[in-house]
Amino acid sequence: MPEVHKHSHPNLFWLKTKDGSTRLATINAEPGKKVYTERLVSKEGIEYRTFDPHKSKLGSAIMKELQNFPFTEGSKILYLGAASGTTVSHISDMIGVDGSIFAVEFSARSLRDLVVVAERRQNIIPILADARFPEEYSFTVPLVDVVYEDVAQPRQAEILKDNVQTYLKKDGYFFFAVKARSIDVTKDPKAIYEEVIKDLESAGLTILETIDIEPYEKDHIVIVGQKNV
Ligand SMILES: C[S@@+](CC[C@H](N)C(=O)[O-])C[C@H]1O[C@@H](n2cnc3c(N)ncnc32)[C@H](O)[C@@H]1O
């Protein structure tokens, strides 16, 4: 039998499996079903899904001791760059049936896979749209508690600022995965991070923490912050 321990963040767990390895996990909101290559592990009538930090920047940031954790029961989240729903599905597990994830993705191919996941999970609302144009989804996205962005685009910071400005409620949080090489392959990643942080601060956003997510991803940081005005 695996050992299960609560993580200090809500609705997250550590699973210690027979081979002695310890893995992050969430409770599977759709028992028996996988979303990607995660493992399903049952204990005392509860099914857990391992949360692979190599496949999710949220998973990587948690492994690197993310302190601010705004993904709680009932949270409303705008997720930019949802892809086929790997990280979205774990957030879906954590926020429960009273929460909602408005999952924006501009690749029709990825969105098709995401729609399959969303058909089984009522708290995911897939949206085929371009995050550079936040007004494209104003018909369906309300003010949210969290803006999550992982788009790997040159204009990552602009996209974040525009969406935060439009959809994030006051004192809401943003979780921003910055990929240095998408912004400029020729520059030192550290210089890029400094510029991005300055840019967000000059837009009036508060930076709460920055996390380098190596060894899970090279040349990426996660910035977590708040909109206080
Ligand atoms: C690194 S992948 C995201 C992985 C995903 N966040 C996860 O953890 O499961 C980046 C995704 O952002 C999408 N994307 C890039 N630019 C976008 C844009 N302007 N609007 C919407 N989606 C975008 C890409 O199609 C791709 O699926």
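**Terms and their grounds**

Tutor: In helix 2, the residues that count as buried are T86, T87, V88, S89, H90, I91, S92, D93, M94 and I95. This is a predicted model, in which local features need pLDDT of at least 70 and side-chain atom pairs count only at pLDDT 80 or more, while totals for chains, interfaces and linings use all residues. Residues are numbered from 1 along each chain as its sequence is written, and side-chain values use heavy atoms, with hydrogens and water left out.

Student: What makes helix 2 mostly covered?

Tutor: Ten of the ten residues of helix 2 (86-95) are buried. Buried means under 20% relative accessible area, exposed means over 50%, and partly exposed lies in between (1.4 Å probe, protein chains only). Helices (H or I, at least four residues) and strands (E, at least two) are DSSP runs, numbered from the N terminus. Helix 2 is followed by G96, with a positive phi near 70°.

Student: Why is D93 counted as buried?

Tutor: D93 has a relative accessibility of 11%, and therefore counts as buried.

Student: Why is E38 called buried?

Tutor: The relative accessible area of E38 is 2%, so the residue is buried. E38 lies in the loop between strand 3 (22-27) and strand 4. Its side chain reaches the backbone nitrogen of Y36 at 2.7 Å. That distance falls within the limit for a polar contact, a pair of N or O atoms within 3.5 Å; within protein, one must be able to donate a hydrogen and the other to accept it, and residues adjacent in sequence count only if both atoms are side-chain atoms.

Student: Why is E44 called exposed, and why is A152 called partly exposed?

Tutor: E44 has 68% relative accessibility and so counts as exposed. A152 has a relative accessible area of 38%, and is therefore partly exposed. E44 sits in the loop between strand 4 (40-43) and strand 5 (46-50), and A152 in the loop between strand 9 (144-149) and helix 4 (156-167).

Student: What is the phi of E44, and what is the phi of A152?

Tutor: E44 is not a glycine, yet its phi is positive, about 50°. A152, also not a glycine, has a positive phi of about 50°. Such values are worth noting because most residues other than glycine have a negative phi, and most peptide bonds are trans. The peptide bond from E214 to P215 is cis, with omega near 10°; P215 is in the loop between strand 11 (205-212) and strand 12 (220-227).

Student: How many residues surround the ligand?

Tutor: There are 16 residues around the ligand, the closest being Y79, T87, E105, D130 and A131. The criterion is a heavy atom within 4 Å of the molecule.
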